[in-house]
Amino acid sequence: MEFEKIQTIIADVLSIHNPEEITMDKSFKDDLGADSLDSVEIVMRLEEAFDIEIPDDAVENIETVGDVVEAIQKVKG
Amino acid sequence: MEKEYTTVVVDAMGGDNAPDAMIQGAVDAITKNAAVQVILVGREEVIAPKLEAYTFDKARIRIVNASEEISCDEPPVQAIRRKKDSSIVVGQKLVANGEADAFLSAGSTGAVLVGGQLVVGRIRGIDRTPIATLIPTDNGVSLLIDSGANVDARASHLVQFARMGSIYMEHVIGVKNPRVAIVNVGLEEEKGNALVKETYPMLKACADINFTGSIEAREIPHHGADVIVCEGFTGNVILKLYEGTANALVGMIKGGLMSSFRSKIGALLIKPALKKTLKSMDASEYGGAPLLGLKGLVIKTHGSAKAKEVCNSILQVPVFKEQEIVNKIKESLVPEAPERKEE
């Protein structure tokens with residue numbers, strides 16, 4: 001999976017200048033300053049980019065960048 | 001060629017009177033303003049035969065098909081995520097992609113609001129997007145912000161509402177140095193609930209708005225302020241009570257005037273003056289209410305909107321476009337915030 005693609009999308013939604021700052025352990029809320037709508041926007045952009053659908057229960061449990069990567073991996077098999 | 005026009009996307013499937021009121025409103029609007037064109041978004045097989053019945057400039061109304069609809073009882077976030085081919089998502093994407101200047105809907109407020117934030121996108125730095133509704137008073141109009149988008153809000157959100165409302169009244173309605181007041185249960189600074197008490201000093205400290213203090217609800221119809229700030233719960237209660245009271249009063253006056261032969265004669269004499277006065281209090285004359293703080297224009301009209309309100313809502317858009325209200329909010333609120341890259 002292209003982690004860079006994920007980083008670019010998250011950086012774009014959250015206006016983060018350096019996408020490399022977005023590492024697996026970063027919390028969307030506490031480290032990246034995302035609110036609940038930002039998180040949904042990120043999920044929607046990722047779904048579009050990877051042509052997948054992340055289930056609602058997985059979305060509700062997303063707290064870190066690593067959680068997103070895991071959710072995408074699960075859907076992609 | 002297209003750039004010469006103001007293009008408004010109308011959600012043909014949203015609202016109690018859809019699609020008929022939306023189609024008629026669109027036809028009326030392009031007839032009244034030759035610089036406006038409309039995209040009707042929704043189920044083409046339903047819209048096309050109804051549109052055929054009208055005579056209009058066919059180059060200025062087109063249909064974009066959307067096979068799904070979002071109803072008012074669906075959870076908005078889920079609906080926007082799952083129904084990618086709904087009229088709300090397809091229509092808002094046209095605005096997000098720059099193919100249209102505004103999106104107008106009488107459909108689910110929640111879905112329009114969430115779609116606005118997720119599909120069109122918030123201006124970076126804006127935490128919440130309020131609905132800004134113009135309400136008639138005995139001396140012009142006031143702006144009620146937020147009239148129902150965010151039933152809970154923080155003090156910092158109300159400060160943003162106050163700033164956006166002030167910009168709107170100054171640039172769209174043309175009120176110089178608009179008076180901004182916060183809805184309260186008394187006029188003294190120490191009055192109010194926790195939210196108002198926290199917000200009051202923050203508004204007082206804003207050098208860029210003309211904060212005049214608290215406003216009690218009874219002063220709203222007397223034009224006690226130009227921008228009336230509150231969270232969406234209070235705003236919606238005020239709006240609905242306002243509409244309900246006005247309707248009840250009009251009904252009572254009409255009933256009284258028709259109660260006897262003498263009063264009927266009197267009614268005949270005062271009819272023109274009364275009609276003129278009541279027209280100024282008719283909410284449908286003012287069109288829809290924009291969601292402020294988005295990167296594009298999204299306008300919400302009443303669920304019960306008829307063709308006249310749809311038409312008036314479409315006709316507001318050239319003013320919004322001309323005044324570059326989105327850019328003005330962007331510049332004044334978040335000058336330091338970097339803009340997201342365009343895709």
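1. Chain A has 77 residues and a radius of gyration of 11 Å, which agrees with the value near 11 Å that a compact globule of that length would have. The model is a predicted one, and the points below should be read with that in mind. Along its principal axes, the C-alpha trace of chain A spans about 30 × 25 × 20 Å.

2. The fold of chain A is built from four helices and zero strands, so that reading along the sequence gives the pattern α-α-α-α. Among the contacts in chain A with a separation of 6 or more, 55% come from residues 24 or more positions apart, and 47% of the 77 residues count as buried.

3. Turning to the contact between the two chains, chain A contributes 21 residues and chain B contributes 18 residues. Together the chains bury about 1700 Å², with 44% of that area on carbon and sulfur atoms. Between chain A and chain B there are 12 residue pairs in polar contact, counting pairs with both residues at pLDDT 80 or more. On the side of chain A that touches chain B, the elements giving two or more residues are α1 (3–14), α2 (36–50) and α3 (56–60) of chain A. Of the elements on this side, α2(A) gives the most, with nine residues. The residues of that side of chain A divide into nine nonpolar, three polar and nine charged.

4. Side chains of opposite charge can pair when their charged atoms come close. A search of the whole structure finds 24 salt bridges over all chains, and across the interface of chain A and chain B the rule finds 11.

5. B:R124 sits in the loop between α5 (109–121) and β5 (132–137) of chain B, while A:D38 belongs to helix α2 of chain A. B:R124 counts as buried because its relative accessibility is 16%, under the 20% cut-off. A:D38 likewise counts as buried, since its relative accessibility is 3%.

6. A second pair to inspect is B:R82 with A:D56, whose side chains meet in a salt bridge at 3.4 Å, N to O. B:R82 lies in helix α3 (residues 76–82) of chain B and A:D56 in helix α3 of chain A, so this pair joins two chains. B:R82 is partly exposed, with a relative accessible area of 26%, and A:D56 is partly exposed as well, at 23%. B:R82 also forms a salt bridge with A:E47, where the closest N and O atoms are 3.8 Å apart.

7. Within chain B, the side chains of B:D20 and B:K50 meet in a salt bridge at 3.3 Å, N to O. B:D20 lies in helix α1 (residues 20–32) and B:K50 in helix α2 (residues 44–52) of chain B, so the pair ties together parts that are 30 residues apart in sequence. B:D20 counts as partly exposed at 42% relative accessibility, and B:K50 is partly exposed with a relative accessible area of 33%. Elsewhere, salt bridges that share partners join A:E47, A:E53, A:D56, B:R81, B:R82 and B:K84 into one network.

Conventions
Residues are numbered from 1 along each chain as its sequence is written. Chains are lettered from A and ligands numbered from 1 in the order in which they are written. This is a predicted model: local features need pLDDT of at least 70, side-chain atom pairs count only at pLDDT 80 or more; totals for chains, interfaces and linings use all residues. Side-chain values use heavy atoms; hydrogens and water are left out. Contact means heavy atoms within 4.5 Å. Buried area is the accessible area (1.4 Å probe) that two parts lose on being put together, summed over both. A salt bridge is a side-chain nitrogen of Lys or Arg within 4 Å of a carboxyl oxygen of Asp or Glu. A polar contact is a pair of N or O atoms within 3.5 Å; within protein, one must be able to donate a hydrogen and the other to accept it, and residues adjacent in sequence count only if both atoms are side-chain atoms. Ala, Val, Leu, Ile, Met, Phe, Trp, Tyr, Cys and Pro count as nonpolar, Asp, Glu, Lys and Arg as charged, and the others, Gly among them, as polar. The radius of gyration is taken over C-alpha atoms; the globule rule is 2.2 Å times the number of residues to the power 0.38. Buried means under 20% relative accessible area, exposed over 50%, partly exposed in between (1.4 Å probe, protein chains only).
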